[in-house]
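Here is a briefing on the fold and the charged pairs of one protein model. Please keep the structure open while you read.

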Amino acid sequence: MPVLPVYFSRANSAARWKRIAMNVSAYNASIRNIAIIAHVDHGKTTLVDAMFRQSGVFREGQVVDERIMDNMELERERGITIAAKNCAVIWKGVKINIIDTPGHSDFGGEVERALSMVSGAILLVDASEGPLPQTRFVLKKTLEAGLRVIVVINKIDRKDARPQEVLNEIYDLFIDLGANEEQLEFPVLYAIGREGIAMPDPDTPGADLSPLFDAVCNELPGPSHDPDEPFQMLVSDIDYSDYLGRLAVGRIAHGAVRLRESFVRVSEDGRQIPAKISKLQVYSGLRLTEAEEVGPGEIVVLAGMDEVCIGDTICTRDTPRVLPRIQVDAPTVSMYFGINSSPLAGTEGGIVQSRKIRERLMKESMRNVAIQVEDSSDKDSFIVKGRGEFQMAILIEQMRREGFELSVGRPQVIMREENGRFLEPVEHLLVDCDDVFLGVVTEKLSQRKGRMTGLVNNGAGRVRLEFSIPSRGLIGFRDEFLTDTKGTGIMNSYLAGYEEYRGDFPTRFTGSLVADRSGRAVAYAIYNLEPRGVMFIVPNDPVYEGLIVGEHNRENDIDVNPAKEKKLTNLRAAGKDENIILTPIRPMTLERALQFAADDELVEVTPLSIRLRKAELSAQKRHQLAGKKNK
């Protein structure tokens with residue numbers, strides 16, 4: 001049976017499967033559409049760089065930056081891929097469209113969207129670390145899509161490389177995920193992505209990536225199509241151009257598309273909206289080139305549809321046949337997004353209106369199928385749902401760099417109710433740390449309702465732990481984990497499913513130091529507050545009533561005056577004045593603020609500052625609410 005495109009594999013009935021399989025009668029042998037999937041930091045983007053250099057995309061001697069595909073500022077800063085991106089290379093007359101996908105499960109919507117455009121995948125696995133949680137996540141999506149996979153074991157030049165053991169682990173993973181016989185017979189290559197080398201045998205040195213290119217052309221099928229079917233295309237991505245407006249990106253399922261031809265766009269509610277292609281482009285290297293006509297199987301970029309959305313079908317007017325929409329996993333985390341209502345609102349950012357914030361969030365939901373935006377009862381706030389707190393942090397960071405001011409709440413998990421039972425999302429957590437930290441990590445995760453499901457100690461000083469833990473147990477845990485393991489621990493997780501609510505547990509054992517008045521922070525006041533806890537502010541920082549200026553040593557919140565100055569007198573004596581030396585503070589980052597914030601606290605985000613504050617700024621009203629709660 002031929003390997004079918006992803007949009008066929010999402011059909012619901014066996015009868016539809018059979019009918020579609022009979023209709024597929026041709027493959028476009030001149031094209032290969034592939035996705036590169038892997039865990040975070042296993043070398044996807046570095047390998048794509050080498051493929052560019054060796055396929056002739058760059059002229060000889062051309063100076064090119066590393067990690068070319070990571071063109072977002074945040075991607076370069078954090079060293080990860082956030083958004084899936086397209087490019088194309090030519091090898092021996094075959095055009096290979098490559099999609100570099102994220103490796104973090106919080107950006108799983110990008111992976112699912114990318115897989116809807118390809119007919120094969122390259123699975124990259126570190127020769128030392130082996131398959132990790134995100135490896136399982138992206139591979140599961142690939143196998144569910146019915147795609148054939150080429151396995152590349154990367155970084156075999158590492159001193160701790162164990163390629164044969166990793167290969168056995170990969171086979172176990174394929175079997176565990178229910179791969180069929182054809183998918184289990186995957187070709188295996190060994191690579192040093194940084195040097196641009198791939199080889200069929202790890203003991204036989206290679207010279208370049210020719211074995212990988214040849215495997216893509218010989219082992220992965222070209223995109224399938226039915227020559228008798230009219231034009232159909234599923235919109236898998238949305239881009240935007242200042243000159244052309246919104247752009248629809250997708251793979252042509254059947255037929256051909258011509259410039260300035262008229263079609264219909266079928267929206268989610270089934271409406272058929274007339275559309276005319278004003279510009280037709282295809283990928284060539286890192287750039288887009290214009291085309292007059294493109295045949296089936298090619299990934300194209302269409303201009304001329306202002307309201308197109310991901311999942312829409314573009315087809316002919318005479319025979320409008322709809323392709324199954326892209327299906328993604330349901331969001332597991334929600335967050336409050338609202339205007340900045342603090343006394344400092346508008347002093348550091350240029351975009352503060354709720355209307356502008358809503359427009360930006362809706363734009364994000366159209367570009368990212370894993371993001372959902374809902375209006376709240378308050379007209380100045382919104383509820384944003386997504387895959388995880390890291391995905392939310394990236395969205396907030398992008399907005400603040402665009403000039404937005406806003407306030408956000410602590411991430412909350414999304415519960416389900418089935419048959420009168422409350423179900424919560426549960427993560428499969430993998431922890432790799434030094435064996436001396438085994439006790440403290442196990443204790444902390446147990447307090448958060450985690451259950452150990454596996455423990456491997458290879459005797460080399462490090463242990464690998466596996467836990468089943470509620471998603472809410474991981475919110476705010478990463479910083480604590482890195483502190484406990486002195487920065488040497490590695491923690492990764494993916495959504496395992498939903499289970500019955502495991503019970504409450506404390507999320508924070510400390511309170512907050514809250515400013516009781518407006519002013520400027522004074523060194524004398526901060527010095528006298530340091531015994532109370534850990535401070536977040538430095539002298540001359542602006543403060544206002546309700547601003548959180550530090551972390552209290554005890555569980556309760558207390559109101560303090562960080563603007564209190566030393567009382568002056570006309571008496572002076574030698575040694576009377578002390579030289580004030582303050583303890584250096586850790587700069588407040590967005591992730592740290594989101595992890596620290598309690599349920600009654602907000603994070604104030606501006607282009608210049610990140611502050612913590614109480615949702616209710618007035619100390620009097622907070623005390624009244626606390627009194628009513630205690631009653």
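**Strand S10 and its partners**

Strands S10 (residues 232-241) and S11 (residues 245-254) pair antiparallel, with nine bridges between them. The model is a predicted one.

- Aspartate 239 has leucine 247 of S11 as its bridge partner.
- S10 also pairs with strand S19 (residues 313-315). That pairing is antiparallel and has three bridges.
- Leucine 234 has threonine 313 of S19 as its bridge partner.
- S10 is mostly covered, with eight of its ten residues buried.

**The seven-strand sheet**

- Seven strands form an open sheet in the order S3-S4-S2-S5-S6-S7-S8. The pairing is mixed.
- Which strands stand at the edges? They are S3 (85-91) and S8 (197-199). Each has a single partner strand, so one side of each has no neighbour in the sheet.
- From one strand to the next, the twist averages 30°.
- Strands S6 (residues 148-154) and S7 (residues 188-192) run parallel and share four bridges.
- Asparagine 154 has alanine 191 of S7 as its bridge partner.
- Helix H3 (residues 44-54) packs on the sheet. H3 touches S2 (31-38), S3, S4 (94-100) and S5 (120-126). The direction of H3 makes about 35° with that of S3.
- Helix H7 (residues 163-176) also packs on the sheet, touching S5, S6 and S7. Here the angle is about 155°, taken between the directions of H7 and S6.

**Strand S30**

- Is strand S30 (residues 511-515) enclosed or exposed? Five of its five residues are buried, so S30 is largely enclosed by the rest of the structure.
- S30 pairs antiparallel with strand S34 (residues 547-552) over four bridges.
- S30 pairs parallel with strand S35 (residues 558-560) over three bridges.
- Leucine 513 stands opposite glycine 550 in S34. Leucine 513 also stands opposite isoleucine 558 in S35.

**Serine 381**

- Serine 381 sits in strand S22 (residues 381-386).
- Its relative accessibility is 3%, so serine 381 counts as buried.
- The side chains of serine 381 and serine 376 make a polar contact at 2.6 Å.
- Beyond four places in sequence, serine 381 contacts Tyr336, Phe337, Gly338 and Ser376.

**Salt bridges**

- How many salt bridges does the structure hold? There are 41.
- One of them joins glutamate 348 and arginine 611, with 2.8 Å between the closest N and O atoms.
- Glutamate 348 lies in the loop between strand S20 (333-338) and helix H10 (354-367), while arginine 611 lies in strand S37 (residues 610-614). The pair therefore ties together parts that are 263 residues apart in sequence.
- Glutamate 348 is partly exposed at 21% relative accessibility. Arginine 611 is buried at 10%.
- Glutamate 374 and lysine 385 form a salt bridge through their side chains, at 3.0 Å from N to O.
- Glutamate 374 belongs to strand S21 (residues 372-375) and lysine 385 to strand S22, so this pair ties together parts eleven residues apart in sequence.
- Glutamate 374 has a relative accessible area of 33% and is partly exposed. Lysine 385 counts as buried at 18%. The cut-off for buried is under 20%.
- Arginine 448 and glutamate 480 form a salt bridge through their side chains, at 3.2 Å from N to O.
- Arginine 448 lies in the loop between helix H12 (438-447) and strand S27 (451-457), and glutamate 480 lies in helix H14 (residues 478-484). The parts tied together by this pair are 32 residues apart in sequence.
- Arginine 448 is buried, with a relative accessible area of 6%. Glutamate 480 is partly exposed, at 26%.
- Asp126, Lys155, Arg158 and Asp160 are linked in a salt-bridge network.

Note on methods
Residues numbered from 1 in each chain as written. Predicted model: local features only at pLDDT ≥ 70, side-chain atom pairs only at ≥ 80, totals over all residues. Heavy atoms only, no water. Helix = DSSP H or I, 4+ residues; strand = E, 2+ residues; numbered from the N terminus. Buried < 20%, exposed > 50% of the residue type's maximum accessible area, 1.4 Å probe, protein only. Polar contact = N/O pair within 3.5 Å; in protein donor to acceptor, adjacent residues only side chain to side chain. Contact = heavy atoms within 4.5 Å. Pairing = 2+ DSSP bridges. Axes fitted to C-alpha atoms, helices over the stretch in contact; angles between N-to-C directions. Salt bridge = Lys/Arg side-chain N within 4 Å of Asp/Glu carboxyl O.
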